[in-house]
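Dear colleague,

Please find below the structure that I am handing over to you. A summary of the findings follows it.

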Amino acid sequence: MSIPGSFLGGAKSRLLPASVPFRFFVTACLFHPLAWLALLVGADELALYMGGPGYVLAAIHLLTLGVLTMTAMGASYQLLPVVTLRPFDRIWPAKASFWLFLPGLILLASGMITTDAFALNWGAGLVVLSLVLFVALSANNLRRAGNLPVVAAHGWAAMAMLLILAVIGAILAADLESGFLDDHQALAIIHMTLAIFGFMGLLAIGFSLVLVPMFTLSRSLSAFQGWLQLSLATTAILTISTAIWLELQILGVAAFIIGLAAAAIHLWLMRNALRTGMRKRLGLSFVLIKSSWGLLAVGLLTGLAVLAKIPIPNGPALFGFIILAGWLLTFLAGILQRIMPFLASMHAAGTSGMPPMLSDLTAQTPLKIHAACHFAALILCSTGIALDWSIVIEIGAAIGFVGSMSFLGFAARVILALKSHYNSL
Amino acid sequence: MSDALPGKHWHADDGLHIDVRGLPPPEPMVAILGQLEKSDQNGPVTVHHNRDPVYLYPELAERGWTCTLVPGEANEVRLLLTRLDLPEQAPGK
């Protein structure tokens with residue numbers, strides 16, 4: 001590909017150095033096996049888990065912060081400047097957010113296991129500081145995203161939820177030591193709701209409005225339905241948070257029904273992207289992405305059944321596992337295996353004008369092993385939770401760990417190929 | 001799908017032109033790749049864009065197309081796309 005230097009200058013000016021987004025992606029791939037490992041160690045607590053410190057809490061945060069948020073930060077830093085046509089004024093704040101987040105998360109997760117006050121408070125403080133920096137940087141870019149108002153609105157809502165949940169998280173961390181809260185558990189559930197659905201959920205369904213049409217090569221999706229999806233989802237999140245705080249079961253049921261309506265619109269939009277897209281052979285990444293959509297529906301129905309007091313064995317833990325590992329982790333693994341080779345190739349094009357092939361950067365075998373292990377882990381852990389068989393959860397978590405190590409191998413292959421491309425110049 | 005591709009396109013003496021200026025993401029990529037994937041499309045193809053289409057390069061490379069910047073209007077990024085793997089025409093054809 002011959003692209004003259006003057007043109008490259010324009011392209012490169014909007015692209016952060018590859019090291020910035022990839023440090024987030026690679027670190028997320030490292031936290032992925034750590035999350036399965038923590039779940040393996042805490043397997044006997046999982047089925048009846050209702051909150052509180054220990055390995056399950058650490059596993060949840062290694063997944064939500066270490067894998068999901070870490071990836072969201074890297075993707076936002078990479079994608080937003082290109083979409084909005086405005087580069088970051090400085091690169092160091094994005095790097096600083098990483099160097100605050102990484103030690104903060106390690107301290108926080110270790111504090112959750114050991115209940116060490118120093119680790120909990122300093123870890124939470126560093127993570128909150130990093131997230132505030134991330135929100136400020138993203139907000140500065142989002143306000144220029146005039147050509148994608150629906151996607152930007154999802155981003156704004158997600159950032160607002162992130163700020164609230166980060167503050168609640170810091171309060172909860174402090175409360176683990178001093179116990180000043182009247183109802184720690186209610187606030188913890190609101191914190192989890194805002195994290196899963198408010199921050200990560202809204203980012204996932206918002207970015208999907210651009211990413212899925214880009215991958216399937218379909219036309220832009222209906223803006224009206226996009227706004228409807230956002231309105232219903234935010235209404236559901238705020239309603240369920242109120243219902244938890246006021247202990248109003250009927251309001252909680254109403255919130256889940258609104259949430260299911262939001263999910264139905266999202267699935268309809270995604271179906272349209274698949275149906276009208278020019279690219280029909282979407283590969284393994286879309287097996288994961290499509291499965292994640294199904295698991296979103298299953299997870300929400302499980303949550304509704306739990307609230308409606310329909311007897312589901314260990315329903316709360318099952319709901320949390322299906323939504324976190326089933327929906328969000330499966331979705332993210334599908335997206336990450338699609339965008340990592342893509343961004344590596346894009347950066348290489350910006351360097352030499354001759355990018356490596358996507359197919360050369362995508363190692364299929366590690367991805368197949370990961371997918372097989374991931375689905376096996378989901379089935380085994382869900383079964384183990386429902387039957388309260390910790391040995392089944394342990395086997396599931398061990399298989400999930402093997403799959404995540406395979407995914408790490410895929411990520412390493414992308415990095416090595418990119419490095420070798422740079423070295424060959 | 002190709003009839004419903006976004007943007008404008010027309011044929012000139014120098015080949016196909018695709019104008020994707022003003023389209024929101026990901027429609028420029030859809031318009032360009034949609035035209036390139038037509039079975040009879042051998043290029044050259046001139047793309048009229050209003051931004052550096054950084055996400056397009058990996059997709060172009062995967063399909064065996066090269067990309068060169070050529071002079072265009074003010075506030076325009078004009079690209080010339082050519083195929084790398086054109087089979088040689090048999091004599092008489």
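In chain A, helix H4(A) passes helix H6(A) in a left-handed crossing. Please note that the model is a predicted one.

H4(A) covers residues 55-84 and H6(A) covers residues 117-142. Their axes lie 10 Å apart and form an angle of about 25 degrees. Angles under 35 degrees count as roughly parallel, and H4(A) and H6(A) are therefore roughly parallel to each other. On the side of H4(A), the residues that meet H6(A) include Leu65(A), Met73(A), Tyr77(A) and Leu80(A). On the side of H6(A), Val127(A), Leu131(A), Phe134(A) and Leu137(A) are among the residues that meet H4(A). By class, this contact has 11 nonpolar, six polar and no charged residues.

A second pair of helices in chain A is H14(A), residues 364-387, and H15(A). Here the angle is about 160 degrees, and the axes are 7 Å apart. An angle over 145 degrees counts as roughly antiparallel, and H14(A) and H15(A) are therefore roughly antiparallel to each other. H14(A) also passes H15(A) in a left-handed crossing. The contact of H14(A) with H15(A) has 17 nonpolar, seven polar and no charged residues.

H15(A) spans residues 390-423, and Phe401(A) has its place in this helix. Apart from neighbours within four places in sequence, Phe401(A) is in contact with Pro33(A), Trp36(A) and Leu37(A). Ala160(A) is 241 residues from Phe401(A) along the chain, and the C-alpha atoms of these two residues are separated by 33 Å.

What is Leu202(A) in contact with, leaving aside its neighbours within four places in sequence? The contacts of Leu202(A) are His154(A), Ala157(A), Ala158(A), Met161(A), Phe197(A), Leu230(A), Ala233(A), Thr234(A) and Ile237(A).

Yours sincerely

Notes
Residues numbered from 1 in each chain as written. Chains lettered and ligands numbered in written order. Predicted model: local features only at pLDDT ≥ 70, side-chain atom pairs only at ≥ 80, totals over all residues. Heavy atoms only, no water. Helix = DSSP H or I, 4+ residues; strand = E, 2+ residues; numbered from the N terminus. Contact = heavy atoms within 4.5 Å. Axes fitted to C-alpha atoms, helices over the stretch in contact; angles between N-to-C directions. Parallel < 35°, antiparallel > 145°, perpendicular 65-115°, else oblique. Left-handed = near helix turned anticlockwise from the far one by under 90°. Nonpolar A, V, L, I, M, F, W, Y, C, P; charged D, E, K, R; others polar.
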